[in-house]
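Q: I am new to this structure and would like to learn how to read it. Could you guide me through some of its features?

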Amino acid sequence: MRIAMIGTGYVGLVSGACFSDFGHDVICVDKDAEKIAALERGVMPIYEPGLDRLVASNVRGGRLSFTTDTATAVAGADAVFIAVGTPSRRGDGHADLSYVFAAAEEIAASLTGSTVVVTKSTVPVGTGDEVERIIRETSPDAEAWVVSNPEFLREGAAIEDFKRPDRIVIGADDERGRAIMREVYRPLYLNKAPLLFTSRRSAELIKYAANAFLATKITFINEMADLCEKVGGDVQDVAQGIGLDNRIGGKFLHAGPGYGGSCFPKDTLALLKTAEDYESPLRIVEAVASVNDQRKRAMGRRVIQALGGDARGKTVALLGLTFKPNTDDMRDAPSIAIVQALEDAGAVVRAFDPEGVEQAKPLMKSVTFCATPYDAANGADAAVLVTEWDVLRALDLRRLAAKMAQPILVDLRNVYSPQDAAAAGFQYSGIGRA
């Protein structure tokens, strides 16, 4: 099938590359000519393990190409995916749908033949109705059906998630749209991937509901970690104990400094705004978003407490900056709030991250970035493990401690045991451990 992917951000590029790997003919479109030129040279705009090889393979095979020309890509396409950004709108927190609607107008003006227009972007309920209205108004004679197909890709594991999904959700109100989408996903359907057909509005809600629920699990275990510290428990034991209940499961029960990234903060806020608009408040989600915001800065105060309550003039080494490992994404990363809290308290911050430094630099202008974790720790009064990259899971703790002015380790991901840290000479502070 011929597929046009509008947008070469995280979702669009990964989805386009994977569809082409299924054998479809895919054209990825972006208005940024420099980004398209870089992609044609094999330079990826994001860090995602294996993406560069997947793109290169399908470009060589003639199944994947890039352009800035929307009209050429859309003309004759069987399916056109809208995969543009929907950031939180400045001022009120609603999802900014201007890029989605602009893409819909351009698509409508270029449609030829029977086409399904698919919103892959994460959008509030009812967005598909507006996309359909725009298409009908712009091209009244177009034979097109609007479908919602939310993505469930984890940064750092996106290719695996796309090719071996838990489920594929397709929201379509017309059988012709459903038929085209069955053909688009036929390779996965043959591999027994669950294909869930719903109404368009239900599909739009499923994405937000899923992210809000996962954010709730993270926030729940983080608050339990605080209680564990007060009563003498160990949050890792608690998480294992409740996670073994198959009604709950162990995923997203890892205590830490709070969630960040491109999805959970933005999507929980957008869901709350939708609930407000429909006068159907989501009190649990409101609490989740509030607690998570407060937690990030509280992690900075935790470091100050480990330093004896006074960070002025002291040096802190942050190990890991991105919101999670295996991505260069700094959006709403806990490290941002931690750096701000430490600098407000008069600390000097040095940092190491294997992939996120270039993205972090504009957000942390006073931070000194180092080539290795040991360089960051050199002369530091405390080391703070913020992101559990593999390289930070295998540190030589004795070497790290020897580099420091004071061997204090604040482990915000519970990577190391208190016993191992103590054996290396560290004063240790973990999360949810008395």
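Predicted model: local features only at pLDDT ≥ 70, side-chain atom pairs only at ≥ 80, totals over all residues.

Q: Is alanine 172 buried or exposed?
A: Buried means under 20% relative accessible area. Alanine 172 has a relative accessible area of 3%, so it is buried.

Q: Which residues does alanine 172 touch, leaving aside those up to four places away in sequence?
A: Its contacts are Val147, Arg178, Thr198, Ser199 and Arg200.

Q: Which residues of α6 and α10 meet?
A: From α6 come Thr127, Gly128, Asp129 and Glu132, and they meet Arg200, Arg201 and Glu204 of α10.

Q: Now a single helix. How many residues does α13 have, and what distance does it reach?
A: Helix α13 covers residues 283–306, which is 24 residues. From first C-alpha to last, α13 reaches 34 Å, close to the 34 Å expected at 1.5 Å a residue.

Q: Where is the kink in α13 centred?
A: Look at lysine 296, where α13 has a kink of about 30°. Lysine 296 is also one of the buried residues of α13, and others include Val285, Val288, Ala289, Met299, Val303 and Ile304.

Q: What comes just after α13?
A: There you find glycine 308, with a positive phi of about 90°.

Q: Which residue other than glycine has a positive phi near 50°?
A: Glutamate 279 does. Its place is the loop between α12 and α13. Glutamate 279 is exposed, with a relative accessible area of 73%.

Q: And where is asparagine 414?
A: Asparagine 414 belongs to the loop between β13 (408–411) and α19 (418–423). Its phi is also positive, near 55°. With a relative accessible area of 7%, asparagine 414 is buried, whereas glutamate 279 is exposed.

Q: Let me try one more loop residue. Is arginine 247 buried or exposed?
A: Its relative accessible area is 72%, so arginine 247 is exposed. You will find arginine 247 in the loop between α11 (235–243) and α12 (264–277). Its C-alpha is 37 Å from that of valine 117, a residue 130 places away in sequence.

Q: Finally, how many disulfides does a search of the whole structure find?
A: The search finds zero. To count as a disulfide, a pair of cysteine sulfur atoms must be within 2.5 Å. Take cysteine 263: the closest cysteine sulfur is in cysteine 18, and it is 16 Å away, so it is too far for a bond.

Q: Is cysteine 263 buried or exposed?
A: Cysteine 263 counts as buried, because its relative accessibility is 19%. Cysteine 370 also counts as buried, at 12%.

Conventions. Residues numbered from 1 in each chain as written. Heavy atoms only, no water. Buried < 20%, exposed > 50% of the residue type's maximum accessible area, 1.4 Å probe, protein only. Helix = DSSP H or I, 4+ residues; strand = E, 2+ residues; numbered from the N terminus. Expected span 1.5 Å × (residues − 1). Bend = angle between axes of the 7 residues up to and from the residue. Contact = heavy atoms within 4.5 Å.
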